[in-house]
Amino acid sequence: MKRDPLKLKAGETEFPLTLGRDVSGVVMECGLGVSYFKPGDEVWAAIPPWKQGTLSEFVVASGNEVSFKPKCLSHTEAAALPYVGLTAWSALNQVGGLNQSNCSGKRILILGASGGVGTFAVQLMKAWDAHVTAVCSHDASTLVEKLGADDVIDYKSGNLEEQLKTLPLFDFILDNVGGSTEKWALDLLKKWSGATYVTLVTPFLINMDRLGVADGMLQTGVTVGSKTLKHLLKGVHYRWAFFMPSGPSLDEIAELVDSGKIQPVIDEVFSFSEVPEAFLKLEGGHARGKTVINVISRQ
């Protein structure tokens with residue numbers, strides 16, 4: 001199926017494909033239906049996957065995907081937040097039901113806490129006054145502690161499952177890792193108390209690639225349905241979460257940034273001519289926050 005179902009012109013090709021989802025920059029032009037923004041406004045956004053990406057000098061975005069950039073950040077800093085911020089927001093707030101008024105004192109476990117989504121999630125949960133246990137490798141533990149995590153567990157320092165079982169049970173688990181963690185992580189939740197496990201690692205795209213659109217979606221629906229029911233009978237909620245573009249959610253994130261509660265975590269900045277090197281770096285894994293591309297030399 002074509003990535004952009006809204007383009008109905010026959011024979012139109014989407015190639016060359018522009019990569020990149022985050023953007024921070026200045027509005028150049030607005031459509032007639034856009035009333036909130038005007039040329040010259042400094043904005044940020046995360047562009048959905050069915051649109052051309054952001055690694056270019058000009059980016060087209062819908063008005064409801066855009067938000068005013070936090071005043072305290074440069075464009076380089078701001079570009080590190082929208083995609084991971086909205087992915088974490090989707091998992092924690094929209095799917096997980098957590099918010100500023102119900103998080104105080106809740107025990108939150110974040111698996112894979114040193115990547116882009118993990119570093120944002122740690123800060124968001126601390127901004128909402130939760131108790132955060134973060135799992136990462138030893139060399140990232142100082143970074144994660146600085147972001148406010150109450151307990152930091154090194155997954156390389158022994159059996160992770162056994163280490164976590166020595167701690168009190170959790171109200172919420174965010175899984176950025178997937179794989180075998182799903183088999184045992186749900187046993188760490190408080191039973192019959194509304195406790196929830198949300199994973200960002202789903203078989204959705206794998207099923208679509210393997211089985212095609214229709215069968216892939218059917219298989220995915222059956223999988224999530226059966227897992228949800230199985231765990232509900234054990235007294236815990238099981239959920240999948242995905243990135244969702246949202247200007248209004250970015251407005252809320254911008255407030256948290258400007259109030260000093262969330263800061264971007266940038267691993268490295270590359271120039272536009274170094275994009276291939278930036279992707280090679282990402283392929284190596286073990287990110288400490290985000291890799292940013294400066295498309296133009298101004299900040």
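Ground rule for strands before I start: I call two strands paired if DSSP finds at least two bridges between them. Helices (H or I, at least four residues) and strands (E, at least two) are DSSP runs, numbered from the N terminus. I am working on a predicted model, where local features need pLDDT of at least 70 and side-chain atom pairs count only at pLDDT 80 or more, while totals for chains, interfaces and linings use all residues. Residues are numbered from 1 along each chain as its sequence is written, and side-chain values use heavy atoms, with hydrogens and water left out.

**Entry: the six-stranded sheet**

I looked up strand E5 (residues 131–136) and found four bridges joining E5 to E6, the two running parallel. Cys136 sits opposite Asp154 of E6. The whole sheet is open, has six strands in the order E6-E5-E4-E7-E8-E9, and pairs in parallel. Strand E6 (151–154) and strand E9 (237–240) are the edges with a single partner strand each, so one side of each has no neighbour in the sheet. From one strand to the next the twist averages 15 degrees; for angles I use lines fitted to C-alpha atoms, for helices over the stretch in contact, running from 0 to 180 degrees between N-to-C directions.

**Entry: helices on that sheet**

Contact here means heavy atoms within 4.5 Å. H2 lies across strand E7 (172–175), strand E8 (196–199) and E9, at about 155 degrees to E7. H3 also packs on the sheet, where H3 touches strand E4 (107–111), E5 and E7 and makes about 165 degrees with the direction of E5.

**Entry: the three-stranded sheet**

Next I checked the open sheet with the order E1-E2-E3, three strands with antiparallel pairing. Strand E1 (22–26) and strand E3 (66–68) are at its edges, each with a single partner strand, so one side of each is left without a neighbour in the sheet. Strand E2 (residues 42–46) and E3 are antiparallel and joined by three bridges; in E3, Val66 is the bridge partner of Ala45. H2 turns up here as well, lying across E1 and E2 at about 55 degrees to E2.

**Entry: H2 against H9**

How do the axes of H2 and H9 cross? For helix H2 (residues 82–95) and helix H9 (residues 247–258), the axes come within 10 Å and cross at roughly 105 degrees. I therefore note H2 and H9 as roughly perpendicular to each other (the range for that is 65 to 115 degrees; under 35 is roughly parallel, over 145 roughly antiparallel, the rest oblique). H2 brings Pro82, Gly85, Leu86, Trp89 and Gln94 to the contact, and H9 brings Ser249, Leu250, Glu252, Ile253 and Leu256.

A cavity is a set of points on a 1 Å grid over the protein atoms alone where a 1.4 Å probe fits but cannot get out, and lining residues have an atom within 4 Å of a point. I found one cavity of 30 Å³ or more. Helix H3 (residues 116–127) gives the largest share of the lining of the largest cavity, four residues. Among the lining residues I listed Ala80, Val84, Phe120, Gln263 and Lys290.

Notes. On a 1 Å grid over the protein atoms alone, a cavity is a set of points where a 1.4 Å probe fits but cannot get out, and a pocket is an open set with protein on both sides within 12 Å along at least five of seven lines; lining residues have an atom within 4 Å of a point. Grid points are joined across faces, edges and corners, and a volume is the space filled by probe spheres set on the points.
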